[in-house]
Amino acid sequence: MIKPLPKTYDFSAIEPKWQKKWEEEDIYRFDWNDKTKPTYSIDTPPPYPSGEFHMGNALNWCYFDFVARYKRMRGYNVYFPQGWDCHGLPTEVRAEKVFNIKKGDLPPEKFIELCVKLTTEYIEKMKTTMKKVGYSIDWHLEYRTMNPEYYRKTQLSFILLYKKGFLYRTEHPVNWCPRCETAIAEAEVEYVEKTGEMVYLKFATEVGNLLIATTRPELIPACVGIAVHPDDQRYVKYVGKMAEIPLFGRKVPVLADEKVDPKFGTGAVMICTFGDKTDVYWQKRYNLPVIKAIAENGAMTSAAGKYKGLTVEESKKAIIADLEKAGLIEKREPLSQRVGTCWRCHTPVEIISKLQWFMNTRALADEVVAWTEKISWIPEFAKYRMLDWTRSLDWDWVISRQRIFATPIPAWYCKQCGNIVVAEETWLPVDPRTTNPSGLKCQKCGSNDFIGESDVMDTWMDSSITCAVHAGWPDNLETFNRLFPADLQPNGTDIIRTWDYYLMVRHLALFGQAPYKIVLINGMVRGTDGRMMHKSYGNYVEAQEVIAKYGADALRQWAAGGGATGSDIPFRWEDVEYGWKFIVKLWNAARFASLQLKDYNPKVGKVELTLLDKWLISKLEETTKNVTEAFENFQFNLAIEAIRTFTWHILCDQYIETVKHRLYRPEQHGEKSRLAVQYTLYNAIYRVLQLLAPICPHITEELYQLIYAEEKGYTSIHLSPWPTVNEALIDKTVEEQGNLTITVIEEIRRAKAKNKLPLNAPIKRLVIFAEEDKAAETLRITANDIAGTCKVEELNISAGKEETGFPVEGYPNIRFLIEL
Ligand SMILES: [Zn+2]
Ligand SMILES: [Zn+2]
């Protein structure tokens, strides 16, 4: 028995009710033992636990969840994990602030404890929000990169890569953030346009002054040479001579090299160690000395003489002032330039030479390119970003960091001979900062006097093995073979060159295979002002705020409908509100149906459908086809659009409005006709719920439980199978006939409105003139629907031609006359 639904839908009570129930019943659990269903694994990105979950995060996770829910309904055993990329500098900084300490005040293990405490709190906060958005994450698969159980795997991957020869330790220039005081990878350098200043300096030589243009006069103390282009006639006479560095008096050689751009500045440039990557190249190529003028904290060193201790900026000012005084500056002019900055703190990065660990990623470039071409990228532009990035890399990946809260590098150095000893697998997890395992012995000199590595790993080392970890590596080979590579790698455009790239190189090096089959890219969310959503812009919206106002299902519709997959999408309250209005519309339609279905038995046998019933069913099947195709292609905007158009317009505005008379007056139209409407409504609404379930899991569950659960028998709509399209029910002729009827009815109603008559005003006589036999015939078939809906007492369909009367839009050969 179907009971009438309550008048209104209270999302604030119903959404949490189902979230709790789903969790209690554990319906999203991945079944490790099921070997009958195909698996579908999603390598969801582990976010950095900041405690916040804004609309940008919400969009990412909505995409993952749409796929997970859809695939589950398609019969897959879906692996939908959630991890946390815990390590990192921001947490260290926050821990210092929250606990009012300096990281040096405590032994590392105590400081790490505080970071763990803070991170755990932030994770809980984010988890709460994620549950409120209704994500169907399997929380049994949760992992935290800071846990020993996880970082054991990170360390194991380090050992394996070291044994395979992919890791090495050397002194090499690296990008360095003076604020974070750590090396950073190229992927972590963000280039920004800045207005700088080009300073033209005079260098004295024995053949006269040489004019050099530079944007970094503070690097004069680190100048080790001058370079000009070999074909540059202006400078031929200087090549091979020595030039004197202004203020410092040191002499450096003038070299000719193809890499100099004669059009830049004066065509003569300083080689400094290190201003940029070309400097690194020249220093190596000409075997020039390395002078470290900038220290790791960004202050000038003693190599800078009297400028020692000044910051880079201070030193720049002071050196320019002194050069001016000495009359060594020819001119100064503003210049727009690209400056590399730290992606975390936006401080300009320096290039500093330091002993670091590297992964030989360049050796894998060709393989990365080949696999990138082989797998699918949605949308395709993401593939080109990956390819361009891979081809642009000219340095190896620096994987060591000079931080505390991170995975320790499992290595020790022999105090006697400097030999490197990397941990045995059985020692893991291990922290060389605090532990010297008993088996530690130098293979070279036999000493057991060691110093543990104090550097730690780049956090991308933690998160770039997730595909393997999800599959059960290294503990379960059987599941690894089933679940690796991941079916889907979904993430934002912002981490293609980091996460997608690092995952690719790590897994290629470890397993010789790409870690994922399809990469699904989501765009970034822009604030209401069109700029990227950011706290400092004041356009930042938390997911909780949106849920409190309109509920999770409305939020999720915004995420689905906001734009094409991969494009940046704006956050607009109007879109969320529109989503909420749709929920209300759907609820009202279902409620209307529930009132009409009191005496309906879903087990009813054959029903006699009218043309309009068949018309609705044909459109429904077509919608099912389109929505399925959209989900298959990850086009969530097309899916939600198709569902909303069908429900709102075809089902509610058109079908329901034209069948009411059949429901209300069975004595006139017959019980069979009423039953046909009941049957059609019952099945159409169920289908809408099924199609909408991945996007709006709450209202669909509520309606399913109230109307359908008893008959269908699934614990949840989310455990019901995805509908299959019945092609036999798609009938273009029926659709055309139905469209004609609906249009005529709408025109008659419009005519009533024009004459200021209520919609239910009776019409004594209606004559419809349809010139073509086919149209006339259709209208005769649906005459009952027209008469019933428009309250027409006498309806004539005439095949004649008529010039007067009301026109019917889109049908130039049909007109009608109304007699009141
Ligand atoms: Zn930084
Ligand atoms: Zn030794």
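## Reading the features

Author: Cys 417 counts as partly exposed, because its relative accessibility is 37%. The cut-offs, for a 1.4 Å probe and protein chains only, are under 20% relative accessible area for buried and over 50% for exposed, with partly exposed in between. Cys 445, at 40% relative accessibility, also counts as partly exposed. Please note that this is a predicted model: local features need pLDDT of at least 70 and side-chain atom pairs count only at pLDDT 80 or more, whereas totals for chains, interfaces and linings use all residues. Residues are numbered from 1 along each chain as written, chains are lettered from A and ligands numbered from 1 in written order, and side-chain values use heavy atoms, without hydrogens and water.

Reader: Which residues are the protein donors of the zinc ion (ligand 2)?

Author: Donors are N, O and S atoms within 2.8 Å of the metal (3.2 Å for Na, K and Ca); water is not among the atoms, so sites may look incomplete. Here the SG atoms of Cys 414, Cys 417, Cys 442 and Cys 445 lie 2.2 to 2.3 Å from the zinc ion (ligand 2). The spacing of these donor residues in sequence is C-x2-C-x24-C-x2-C. Cys 417 sits in the loop between strand S18 (411-414) and strand S19 (420-422), and Cys 445 in the loop between S19 and strand S20 (450-452), so this pair ties together parts 28 residues apart in sequence. Helices (H or I, at least four residues) and strands (E, at least two) are DSSP runs, numbered from the N terminus.

Reader: What are the angles among the four donor atoms of the zinc ion (ligand 2)?

Author: Four donors count as tetrahedral if all angles lie between 85 and 135 degrees. The angles here are 100 to 117°, and the site is tetrahedral.

Reader: Which residues coordinate the zinc ion (ligand 1)?

Author: The zinc ion (ligand 1) is coordinated at 2.2 to 2.3 Å by the SG atoms of Cys 177, Cys 180, Cys 342 and Cys 345. This site, with angles of 99 to 122°, is tetrahedral. Cys 177 in strand S5 (residues 167-177) and Cys 342 in strand S13 (residues 329-342) link distant parts of the chain, 165 residues apart. Both Cys 177 and Cys 342 are buried.

Reader: How many residues line the second largest pocket?

Author: Rolling a probe the size of a water molecule over the atoms shows where empty space is left. On a 1 Å grid over the protein atoms alone, a pocket is an open set of points where a 1.4 Å probe fits, with protein on both sides within 12 Å along at least five of seven lines; lining residues have an atom within 4 Å of a point. The second largest pocket is lined by 18 residues, with Ile 617, Glu 621, Tyr 679, Arg 687 and Leu 729 nearest its centre.

Reader: Is Phe 634 buried or exposed?

Author: Phe 634 is buried, because its relative accessible area is 4%. Most residues other than glycine have a negative phi, and most peptide bonds are trans. Phe 634, however, has a positive phi near 60°, in the loop between H17 and helix H18 (636-664). A cis peptide bond, with omega about -5°, joins Thr 273 and Phe 274; the bond from Phe 484 to Pro 485 is also cis, with omega near 0°.

Terms used: Four donors count as tetrahedral if all angles lie between 85 and 135 degrees; four count as square planar and six as octahedral if opposite donors are over 155 degrees apart and all others between 65 and 115; anything else is irregular.
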